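I've opened my notebook for another structure. Let me put down what I looked up, one entry at a time.

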Amino acid sequence: YLRRIIERVRAKFNAGISEVGAQDAWQKSVVGLVVTGNDSTHVQSMLDNITRFIEDLYLGQLINREVDIVHYNENEELV
């Protein structure tokens with residue numbers, strides 16, 4: 001089911017998604033998702049939409065979600 005979720009998210013959204021952990025467990029997966037943009041409100045909205053889309057597929061149960069938004073200043077240094 002995980003492969004179908006990943007393929008559908010890639011097809012619908014302009015986002016990077018990949019399995020990043022728990023690869024040896026068949027009952028659990030850890031998925032990383034990347035969205036870029038110049039407005040953190042828009043990025044957060046996209047992440048919310050992708051989360052809802054995944055939940056609405058009913059192919060698995062979302063147990064936990066962690067969000068990190070990284071901001072860069074004009075000199076492309078981490079803030």
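**Entry 1: who touches Arg 8**

Leaving out the neighbours within four places in sequence, I found Arg 8 in contact with Phe 53, Leu 57 and Leu 59; contact means heavy atoms within 4.5 Å. Before going on, I noted that this is a predicted model, where local features need pLDDT of at least 70 and side-chain atom pairs count only at pLDDT 80 or more, while totals for chains, interfaces and linings use all residues. Residues are numbered from 1 along each chain as its sequence is written, and side-chain values use heavy atoms, with hydrogens and water left out.

Where does Arg 8 sit? I found Arg 8 in helix 1. Helices (H or I, at least four residues) and strands (E, at least two) are DSSP runs, numbered from the N terminus. Arg 8 is partly exposed, with a relative accessible area of 38%. For that label, buried means under 20% relative accessible area, exposed over 50%, and partly exposed in between (1.4 Å probe, protein chains only). I also looked up Arg 8 and Ile 54: they are 46 residues apart in sequence, yet 8.7 Å apart in space, C-alpha to C-alpha.

**Entry 2: rings**

How many aromatic pairs does a search of the whole structure find? I got one. Phe 13 and Phe 53 make up the pair, which is edge-to-face, at 5.4 Å centre to centre and 75 degrees between the planes. The rule I used: rings of Phe, Tyr and Trp (its six-membered ring) pair if their centres lie within 6.5 Å, and planes under 30 degrees apart count as stacked, over 60 as edge-to-face and the rest as tilted. Phe 13 is in the loop between helix 1 (2–12) and strand 1 (16–21), and Phe 53 is in helix 2 (residues 40–57), so the pair ties together parts 40 residues apart in sequence. Phe 13 is buried at 15% relative accessible area, and Phe 53 is buried at 18%.

Lys 12 lies over the face of Phe 13, 5.9 Å from the ring centre. A charge sits over a ring if NZ of Lys or CZ of Arg is within 6 Å of the ring centre and within 35 degrees of the ring normal.

**Entry 3: salt bridges**

Side chains of opposite charge can pair when their charged atoms come close. I found two salt bridges in the structure, each a side-chain nitrogen of Lys or Arg within 4 Å of a carboxyl oxygen of Asp or Glu.

- Glu 7 and Arg 3 meet at 3.4 Å, N to O. They are four residues apart in helix 1, which means about one helical turn separates them. Glu 7 is partly exposed at 44%, while Arg 3 counts as exposed at 64%.
- Arg 65 and Asp 48 meet at 2.8 Å, N to O. Arg 65 lies in the segment after helix 2 and Asp 48 in helix 2, so this pair ties together parts 17 residues apart in sequence. Arg 65 is partly exposed at 34%, and Asp 48 is partly exposed at 27%.

Most residues other than glycine have a negative phi. Tyr 58 has a positive phi of about 55 degrees although it is not a glycine. I found Tyr 58 in the segment after helix 2, where Tyr 58 is exposed, with a relative accessible area of 69%.
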